[in-house]
Amino acid sequence: MNFWNDPINFIANWLTGLLTGWGLAAGLATVLVYLVGITVLIVFAMLLDIGLVWVERKVVARFQDRLGPNRVGPFGLIQPFADIIKLVIKEDITPANADKVIYNIAPVLAATSVIALWAILPLSSRIFGVDLNVALLYLVATGALGTLAIIMGGWASNNKYALLGAFRMVANMVSYEIPMVVTLLIPTILADSMSVIGITEAQRGLWFAVLSPLGAVIFLISAIAELGRSPFDLTEAESELTAGFNVEYSGMKFGWFYASELLHAFTFGGFAAVLFFGGYGGFFGLEKALPWLTNPFIEAAVFIAKAMLGYWVIMWLKYSMPRVRIDHMLAFNWKFLVPLSLVLLAVTATLHKILIVLPGWQYALGMFFSNVVIVAATIEVLRDYGRKQRKAAEELAPQAQL
Amino acid sequence: MHNEWLYIGLFLIIGIIVPIVPLLLARFISPHKPNQIKQSTYECGIETVGESWVQFKAQYYIFALVFLVFDVETVFLFPWALSLNQLPLFVVLEGILFIGILVAGLVYVWRKGMLEWV
C-alpha cells in the first residue's frame, strides 16, 4: 500500500500509528483520525461550493448571452471570494416578529443537510467518507432534513411570502420524493446492493442508464424537483413571492441557503452519476486494458467530471424552462410520474428475476427494450388522452361562438 | 460495523459546526444597528396586516397525507428489492402485488378527486 494507490488509508494508518506512538488509546486515536478526515472532506466540499458559485454565474451568463463576472481576478475567478466577504460583513437583519431560535437554526440545518450527503458520496473506490450498507436510505433521510430547513425558515420568518413559498416547496418536495424513492429501488434491484460503492462496482461493465434509461430520467426529474430548482422553483418564484422562504434572510444566513442549493445540485449530479452513470468507474471493461484508470485520483477526476456534467444538465434545464404552476406540477407528479415509476419498478423487478439466468448481453437487451416498450405505451396513452381532450374541446367550441 | 455510524455521527457534528463558524464570524465583524423600521416584516412597502401564522390551505395537508402513506409503504419495498436475487419468483410476484395495492390506493385517491387543486 502506498500513497498513490490508497491515499486515505495510507494517511489514516500513518496518523493512527503516530498518535498511538504518542501514547494515545487506540479508540481515541481512531476518533481523532476520523475528525481530521471529516474536516478535510467538508473543507473540500466547501471549496468546491465556492467554485460552483463561479461556475453557476459564468454559465448562466453564457445562457443569457452575457459575459458574467470577469473583472475580479482572471476570468472573474476571485469573484465568489469577494461575494463571501460581502455576505459576512453585511448587517444581519432579523425581523422583530420572527421566531428567533428557529429562524437562526434554519440556515444551519439547510447547510448541514447537504454536507451530510458528502459522508456517503464515493469520490473514488478508495476516497470516500464511509460505505454504508444502507446508503440509499441515508440519502432519502438527509433529503428530508432539507425540507425541514425550508419549512422552518419559511414559518419562523413570520412573513406571508416566506410562508407561502415554504408551503409550496414542501408540497413539491414531499410529492416528488415518491418517484425518487421508487427509482432508487431500481439500482438496488440491478446491483443487489444498497451501498453506493456496491452499486458503482456493479456498473463496471455496463451503466444502469443503459439497463434502465427511463429510471435515470425519472430520477433526474424528481431530483431537480427535490432541489427546488427551476422549472420547479415555485418556492422562489420571484415574480409572485419576491424570493420565497428566504425573503427575510440577509447576510451570511442567506448565503448558506444559496450555497447549500448549489452544493445540493452538484451532489445530486454526483448521485445521478453513482446510481445510473457508473460513478467513478463504469469504463465498460476498458480498465482491464488500461489499468491506470483504476488509480484513485483518476477515478476521483472522472467522478467530479460526471457530477459536474450532471450539475450542468440541471443548470441547463433551469435556464431554459419556464416555471411550472403548482397545480400542474403536483398533477404531473401524482398522475404521471408516480404511476409510471411504479409500473417501471414492477416491470424491472419481474424481468430482472426472469432474465438474470440469460447471458449478459441478452439480459441487457431485454432490460433496455422493456424500457422502450414502457415509453412507447406511455406516449400512446398520452396521445389517446390528448385526442379525447381535443375532441371534447371541439364539441364545445361552436357553442362558445354563439 | 459500528465504526461506520461513529463516522456518520462525527460527520454530522462537524457538519453542524462548519455552517455556524461563518455565522459567528459575521456576528462579530458585521455592523449591528437595528431600528424599528428595519426590523419590520417585509411586504413590498406596505405594512403587514396581522400575523402570518394563520390557518392555511387544507390541500397541502391532503398531499402530505397521501405522501405519508406512499413513503412508508415504499420503505417496505427496500428489503424486498435487496433480496430479490435470493427470493423465488413467487415472492417477487407477491411484491408486485404489493405495488398493485399501492397503485389501487393511488387510483382511489385520484377518483376521489383529492389530486385536483381546488
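In what order do the elements of chain A run from the N terminus on? In this predicted model, the elements of chain A run α-α-α-α-α-α-α-α-α-α-α-α-α-α from the N terminus on, and the count for chain A is accordingly given as 14 helices and 0 strands. The radius of gyration of chain A is 24 Å, close to the 21 Å that the globule rule gives for 402 residues, so chain A is as compact as a globular protein of that length. Taken along the principal axes, the C-alpha atoms of chain A fill a box of roughly 95 × 65 × 40 Å.

Chain B contains 3 helices and 0 strands, and its pattern, read along the sequence, is α-α-α. Its radius of gyration is 25 Å, whereas a compact globule of 118 residues would have a value near 13 Å. The box filled by the C-alpha atoms of chain B, again taken along the principal axes, is roughly 70 × 50 × 15 Å.

Between the two chains, 55 residues of chain B are in contact with 65 residues of chain A. On the side of chain B that touches chain A, at least two residues each come from α1 (2-29), α2 (58-82) and α3 (89-111) of chain B, and α1(B) gives the most, with 18 residues. Sorted by class, the residues on this side of chain B divide into 40 nonpolar, 10 polar and 5 charged.

**Domains of chain A**

The domain assignment of chain A gives domain 1 (1-85) and domain 2 (90-336), and the C-alpha centres of these two domains of chain A lie 19 Å apart. Across the boundary, 15 residues of domain 1 of chain A are in contact with 14 residues of domain 2 of chain A. The elements giving two or more residues to the side of domain 1 that touches domain 2 are α1 (7-21) and α2 of chain A, and of these α2(A) gives the most, with 10 residues. By class, that side of domain 1 of chain A has 11 nonpolar, 1 polar and 3 charged residues.

| Helix pair | Angle between axes | Distance between axes |
|---|---|---|
| α2(A) (26-63) and α12(A) (296-320) | about 45 degrees | 11 Å |
| α9(A) (213-227) and α11(A) (251-276) | about 165 degrees | 10 Å |
| α4(A) (100-115) and α5(A) (135-156) | roughly 155 degrees | within 8 Å |

Helix α2 of chain A packs against helix α12 of chain A at an angle of about 45 degrees, which makes α2(A) oblique to α12(A). The crossing of α2(A) and α12(A) is right-handed. In this contact, A:Glu56, A:Val59, A:Val60 and A:Phe63 of α2(A) meet A:Trp312, A:Met315 and A:Tyr319 of α12(A), and the residues involved divide into 6 nonpolar, no polar and 1 charged.

For helices α9 and α11 of chain A the packing angle is about 165 degrees, and because angles over 145 degrees count as roughly antiparallel, α9(A) is roughly antiparallel to α11(A). Helix α9(A) passes α11(A) in a right-handed crossing. On the α9(A) side the contact is made by A:Gly215, A:Ala216, A:Phe219, A:Leu220, A:Ala223 and A:Leu227, and on the α11(A) side by A:Glu261, A:His264, A:Ala265, A:Phe268, A:Ala272, A:Leu275 and A:Phe276. By class, this contact of α9(A) with α11(A) has 10 nonpolar, 2 polar and 1 charged residues.

The axes of helices α4 and α5 of chain A cross at roughly 155 degrees, which makes α4(A) roughly antiparallel to α5(A), and α4(A) passes α5(A) in a left-handed crossing. Among the residues that make the contact are A:Ile102, A:Tyr103, A:Ile105 and A:Ala106 of α4(A), together with A:Thr142, A:Leu145, A:Gly146 and A:Leu148 of α5(A). The residues of the contact of α4(A) with α5(A) divide into 12 nonpolar, 5 polar and no charged.

Technical notes. Residues numbered from 1 in each chain as written. Chains lettered and ligands numbered in written order. Predicted model: local features only at pLDDT ≥ 70, side-chain atom pairs only at ≥ 80, totals over all residues. Axes fitted to C-alpha atoms, helices over the stretch in contact; angles between N-to-C directions. Helix = DSSP H or I, 4+ residues; strand = E, 2+ residues; numbered from the N terminus. Parallel < 35°, antiparallel > 145°, perpendicular 65-115°, else oblique. Left-handed = near helix turned anticlockwise from the far one by under 90°. Contact = placed C-beta atoms within 7 Å. Nonpolar A, V, L, I, M, F, W, Y, C, P; charged D, E, K, R; others polar. Domains from an automatic or database assignment. Rg over C-alpha atoms; globule rule 2.2 N^0.38 Å.
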